[in-house]
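Visitor: Can you walk me through this one? I'd like to start with the strands and then move to the helices.

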Amino acid sequence: MDQPTVGILHPGSMGAAVAACAAANAAEVLWCEAGRSPASAARAAQFGLTAVAGLGELLERSDIVISLCPPAAAEDLARDVAAHGFAGVFVEANAISPERAQRIAALLAPEATVVDGGVVGSPPVGGKTPTLYLSGPAAATERIEALFAGTAVRTPVLGTEVGKASALKLAYASFQKTSRVLVALAVGMAREHGVDQELLEVAARRTDSYLSEPQYIAKTAARAWRWGPELEEAADTLAAAGLPPQMLRAAAATLARWHDAKDDSSLTLADALDRLAQP
């Protein structure tokens, strides 16, 4: 099918922008209104997505479904999709462990074909070009490559094994997101002893250091509700490989201190550090 109908679960900041890119090569891109917030509805309208009333209708009409949701909800969402007997291509694009991706593939088999996906980068808006790494059956990954051909979303294929894309995503996230947490801890420690400005001056001599971007701490706090579960998934992956997961679990526990700052764009550096210091 040259122009498939695509369903997006769900239109968050990444999901809506990715879905809008898919629309370039799709007949239609659907999203499900049931249980979604006014903010989701606004994003869907902004990107020209077509609303349907329920999950059943979305799945019945879609040839390809892309799942982009908080990691903790990924398996339950896949279970709901499986209960409806979806028989198309299901792109599991959440930040989850390879083992969870494989469980989801088993849940949806044999009716649906699962493509493992891992997004690296920011939402494809304002000239940004994220990469959606893919792994899974060749015929299915080719369909996803065609869906995003000529768009801001790049789609390299890592092989036919479900779990490879998830592993790459979490390997990258393990460093990138834990590093942001370490910056907050380092600046917080220095501030406690009155040497935070001196620390930043040291860091400024190394422009490749996250310590040279202290303004990102407030953004980290606002995203902590999503990053924490992602690092727990990465920790599970380390444990499964016989590697120590404690560093990532500790980072996730640190992020939990910012849970109430969910998507707070008004948060300042001082606010974020103050919240971090409160048990």
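Guide: A definition before we start: two strands pair if DSSP finds at least two bridges between them. Also, this is a predicted model.

Visitor: Okay. In β4, what is the bridge partner of Val-6?

Guide: Ile-64 is the partner of Val-6 there. The strands β1 and β4 run parallel, and 4 bridges join them.

Visitor: And what stands opposite Ile-64 in β5?

Guide: That is Val-89. Further along, Ile-66 faces Val-91 in β5. Strand β4 covers residues 64-67 and β5 covers residues 89-92. These two run parallel as well, joined by 4 bridges.

Visitor: Which residues of β4 are buried on each side?

Guide: Ile-64 and Ile-66 are buried on one side. Val-65 and Ser-67 are buried on the other. Both faces of β4 are covered.

Visitor: Zoom out. What is the strand order in the sheet?

Guide: The order is β3-β2-β1-β4-β5-β6-β7. The sheet is open, has 7 strands and shows mixed pairing.

Visitor: Which are the edge strands?

Guide: β3 (50-52) and β7 (131-135), each of which pairs on one side only. On average, neighbouring strands in this sheet are turned by 30° against each other, direction ignored.

Visitor: Which strands does α6 touch?

Guide: Helix α6, residues 138-147, packs on the sheet and touches β1, β4, β5, β6 and β7. The direction of α6 makes about 165° with that of β7.

Visitor: What is Ser-166 in contact with?

Guide: Leaving aside neighbours within four places in sequence, the contacts of Ser-166 are Asn-94, Ile-96, Ser-97, Pro-98, Ala-101, Asp-116 and Gly-117.

Visitor: How do α7 and α8 pack?

Guide: Their angle is about 135°, and the axes lie 7 Å apart. So α7 is oblique to α8.

Visitor: Which residues meet there?

Guide: From α7, Ala-186, Val-187, Ala-190 and Arg-191. From α8, Asp-196, Leu-199 and Leu-200.

Visitor: Where is the kink in α9 centred?

Guide: On Ala-224, and the kink is about 70°.

Visitor: What follows α9?

Guide: Gly-242 does, with a positive phi near 80°.

Visitor: One more residue. Where does Glu-232 lie?

Guide: In helix α9. Glu-232 counts as partly exposed because its relative accessibility is 31%, which falls between the 20% and 50% cut-offs.

Visitor: What does Glu-232 touch?

Guide: Arg-249 and Ala-252, not counting residues up to four places away in sequence.

Visitor: And how many residues apart in sequence are Glu-232 and Pro-245?

Guide: 13, with 8.7 Å between the two in space, C-alpha to C-alpha.

Key
Residues are numbered from 1 along each chain as its sequence is written. This is a predicted model: local features need pLDDT of at least 70, side-chain atom pairs count only at pLDDT 80 or more; totals for chains, interfaces and linings use all residues. Side-chain values use heavy atoms; hydrogens and water are left out. The bend at a residue is the angle between axes fitted to the seven residues ending there and the seven starting there. Axes are lines fitted to C-alpha atoms, for helices over the stretch in contact, and angles run from 0 to 180 degrees between N-to-C directions. Contact means heavy atoms within 4.5 Å. Angles under 35 degrees count as roughly parallel, over 145 as roughly antiparallel, 65 to 115 as roughly perpendicular and the rest as oblique. Buried means under 20% relative accessible area, exposed over 50%, partly exposed in between (1.4 Å probe, protein chains only).
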